[in-house]
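User: I've got a model open and would like to talk it through. Can you walk me through it?

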Amino acid sequence: MIDYTYTLLIPLIPFVVFLFTGLAGHKMKPMTSGLIGTTGLFAVTILSYLTAIRYFWTDHVEGAGYSSLKAFEIQWLHLTEKLTINLGVLLDPISVMMLVVVSTVSFMVHIYSLGYMKGDTGFARFYAFLSLFTFAMLGLVLATNIFQMYIFWELVGVSSFLLIGFYYEKPSAVAASKKAFIVTRFADLGFLIGILMLSFMTDTFDFQTLVSPTGPAMAQAGGAAFLGLSGITWALIFVFMGGAGKSAMFPLHIWLPDAMEGPTPVSALIHAATMVVAGVYLVARLFPVYSMVAPDALHVVAWVGGISSLFAAIIACTQTDIKRVLAYSTMSQIGYMMLALGVSGYGGHDGLGFMAGNFHLFTHAMFKALLFLGAGAIIHAVHSNDMRDMGGLRKYLPITHITFLIACLTIAGLPPLSGFFSKDEILVAAFHSNMPLFIIEFAVAGLTAFYMFRLYYSIFWGKDTHYHHTPHEAPATMTIPLLILAFGAVFSGFLPFHELVTSDGLPFEAHIEYAVAIPSVLIGILGIVIATLMYRKVSTSPAKLANGFGSFYTWAYHKFYMDEVYLFMTKKVIFNYISRPVAWFDRHIVDGFMNLIAHVIERSAYLIKGFQSGRIQQYGYVFVSGTIVLVIIFVYLW
Amino acid sequence: MRHELLLTAIALILLVTDIMLKPSQKPRIIPVAMVLFSIHTIAGFFPAQEGILFGGMFRATPLISMMKNVLNVGVLIILLQSYTWLMKEENRDKMSEYFILMFSTLIGMYFMISSGDFLMFYLGLETATIPMAALAAYTHHQTKSAEAGVKLILSSALSSGILLFGLSLIYGSTGSIYFSDVALFYGTEPMQVLAFLFFFSGMAFKISLVPFHLWTADVYEGSPINVTSYFSVISKGAASFILVLILYKVFFQLIDVWQEVLYIISILTMVVGNLFALRQKNMKRFLAFSSIAQAGFILLGMIAGSQLGMTSVIYFVLVYIFSNLGAFGVVSAIEAATGKINMNDYDGLYITNPKLSLLMMLAMFSLAGIPPVAGFFGKFFLFTSAASAGYYWLVFIAVLNATISLYYYLMVVKAMFINKTETPIATFRSDGMTRAGLILAGLGIVVVGFWSQVYEFINSLSVGLLY
């Protein structure tokens, strides 16, 4: 057994940094706390890479599969003989992969924010929250059991809430943070119900026990049925509900676009690369259970992913706020990952989808963080989020321009950039198991290329906007992370994921399937070409096209009125017909009862005051009477 | 025997030292006592020899050592917190008495917990009680303190009488006073039930269960505050330990009876304790009554009659020691510095003394049982053990009472953090000893909650304890 106990430090370092900068941050210079946070993250990154290298290569026995191992575990709460809540560190291919993703992106964001947030009044607070988030995310990734994951799951929710509402003087930011918290919290209720059902049926929270082929979860395959689905299928659908909330899947996605009110580095870290893929990670974590005992739940995952990705891609084509375009693009790409998991089988080449989903998670983290940080640099330069205020920026922001272009090409899926490989694997997996979903995804691939290049041309080409002051390139602290992430976006596609991260831990042969790859590249290029024709120069064709689609365009522009549907459901239906009566009942019956109790307590407290007279004779009298009453009850009456 | 011998030796050393010291040198006794007692506390944690002495009158097991260690930790914190008060002018001449009396009662508790028969048990009980009356009357120039001493001695005489009556009936019905023999011959005949009830009343007096609690309010209020914390924490803890041991070991044939008795008494205690605590404005009386309600919760753990019950009681007492001493420590520090003792004196304390307020908040949260501090887990395990024995209604009532208690604990927090006042208590800095005592209590509140090994360790000692 190889010793990995040091991995405990990986989540603990950001936690200590959080406590330190959170408690003492206001006494230091702002930059000091930023540097402390960045140094801490640097150490975390080094440890994570070391762990990845050791786990995947140096400590790995050639030919053997990758097994999961517990580097550390303590029992935290003892519920019953069998059921305990533990805290620990679990290492397996997906958690080690996530370590690399989280630490890399977080580290980049830490460096980037040194420049981006400079001079902001809440600089120290910002870094404290970033560390808190990183701690929570790493704890989530390394969780050994589903309950620990739930604890950290809520903690990332809280830190996301804090960071979205970072500019708390701005009412829109406050509203967005509340919205994000409430929507994900609502989804987490499903997650909690799922956890309780799972643990009730299997008597364990532990991931290793849950996914073991001979474990108690697998024995539940038949199980009692409700509405035609077995108990464990329902449990897993509820668990997925939590994942869908956090990963902004349709119809629980409405918080993500609003979450862009947070500082841009936060959007890059939390709402693009790490927290929002937690749902994907959750499904991947429980994948053997989904795959073996609840294929119906897996179908739900696949279809939710597919619909979300199409839905979001269409909306992305119509938005003008660059961060919102990216937000919908994130949702669309996560839909891809969910779909990949959903169509996957277990073991060997059947597990292609599993591998592809995780692969895409990895590459997406790189290029989407790059896009967001690039967008941050642009916003930094022109002080606006709206692409209609931009244009011709390629002359002013050369580094941002190049890296942004690389990211756009990557997400469009052009070879040999990383997005091509991961997206191609997903399409292949869908092609072999679910034709309707494949067609959807194929269309989304084209749409993705179109809206990304619409964004690219509107920012960097197009009309030559006159700015109040000449936009200038961001400082080195911001451009260096862009370059590093661009490197990752270009080359991470060459990582041999099919040997490293597979559903059963064993490597399999993966190769490019030209029947799928060539059409998907072609449709990507088609999307780029259309976007080039329409947006490279100022023209009337976009407006014409929009008119051509008529009301469909208006619908998409208004995000298919999802927010309005939610508002209608909550304000008109739930508030009027459920909350009002409940509130009435609460105010008159429940409160009345409580007031009655309070009154009775108050009165009786007043009445029994007489016992506390201070007269020792009376105390003795009460004492002896008490004994006698007990004797009468238990000797004579009982 | 290590605990007993060592502490007796310490008490004697202090007595002799005190005689040799000139009046002006009296304060030197404090560091001597502190150092010796710290050594004693640490020494207690080393594994001791197990076994039986004096033909079964004295027993030593790891569980019993653990109980004594829990008490030691509490006493250590109290001694640290007493420093400022002891250094006052009026206490200088007799400060060694404070240590010697306290150690004597502690020795009595050791013997009580270790006892293997009712004679040793009774001797321990009285050794623990009589010096306590002297402690209560420590500041005898104050009428209230003298009154407290007298009231304690009078009412404990009454309770001892009834307890002894019960013990003699036990001897009469079984022909033995050894726990192991009594356990064998004990049944559910009326006289035996009667004997048990008398015994129980005597113990209920010590733990201040309703309706045997009336002495507490006056005694707690009259005694010096550090003595009050000693009564409400250490004395109550020790009595709970021996009660749970005797219930489980000696009266297990009677389990149906004592479960019913505990059922009634615990509900009474929680409700009445809460009702009284609700109205208190004096912090000392407030803590005294809230500690009565806490004793009701302890019964909840005992009622299960299982290993879980035993573990949860010991764990809860440990948690309770830290939480209550945290609260008492703050009250005592403030009283020593400013003489203020009412709840509305605490208005705006957070502005002037943030650290004290934070510790007080932790202690209040822990006493109220708010996660994630230790008090939550203490209550959680008590409730679990009662629920696992099927007492769902009792748990329900206990949860209601915990909610009521939340109200008055939060009143203190509200006073410190929210209430505004023109004249808050001025910023002050306690001396090092007091601060050490406060920090120790605060650490305990946090660590014992998070560090689950403590619970697991106690649980491992409770294995095989039953029957």
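User: What is the mean pLDDT of chain B?
Analyst: This is a predicted model, so local features need pLDDT of at least 70, side-chain atom pairs count only at pLDDT 80 or more, and totals for chains, interfaces and linings use all residues. Residues are numbered from 1 along each chain as its sequence is written, with chains lettered from A and ligands numbered from 1 in the order in which they are written. pLDDT is the predictor's confidence in each residue, from 0 to 100. In chain B, 99% of residues reach 70 or more, and the mean is 87.

User: And for the complex, what ipTM does the predictor give?
Analyst: There are two scores for the complex. The pTM is 0.71, and the ipTM is 0.84.

User: Is A:Val343 buried or exposed?
Analyst: Buried takes 20 or more other C-beta atoms within 10 Å of a residue's own, exposed 12 or fewer, and partly exposed is in between, with C-beta atoms placed from the backbone. A:Val343 sits in helix α14 (residues 322-343) of chain A; helices (H or I, at least four residues) are DSSP runs, numbered from the N terminus. Because A:Val343 has 29 C-beta neighbours inside 10 Å, it counts as buried.

User: Which residues of chain A does A:Val343 touch, leaving out those up to four places away in sequence?
Analyst: Contact here is C-beta atoms, placed from the backbone, within 7 Å. By that test, the partners of A:Val343 are A:Ala302, A:Gly353, A:Ala429, A:Ala430, A:Ser433, A:Asn434 and A:Leu437.

User: How many residues on the side of chain B that touches chain A are nonpolar?
Analyst: In all, 28 residues of chain B contact 23 of chain A. Ala, Val, Leu, Ile, Met, Phe, Trp, Tyr, Cys and Pro count as nonpolar, Asp, Glu, Lys and Arg as charged, and the others, Gly among them, as polar. On chain B's side, 4 are charged, 4 polar and the nonpolar ones number 20.

Key: Contact = placed C-beta atoms within 7 Å. Helix = DSSP H or I, 4+ residues; strand = E, 2+ residues; numbered from the N terminus.
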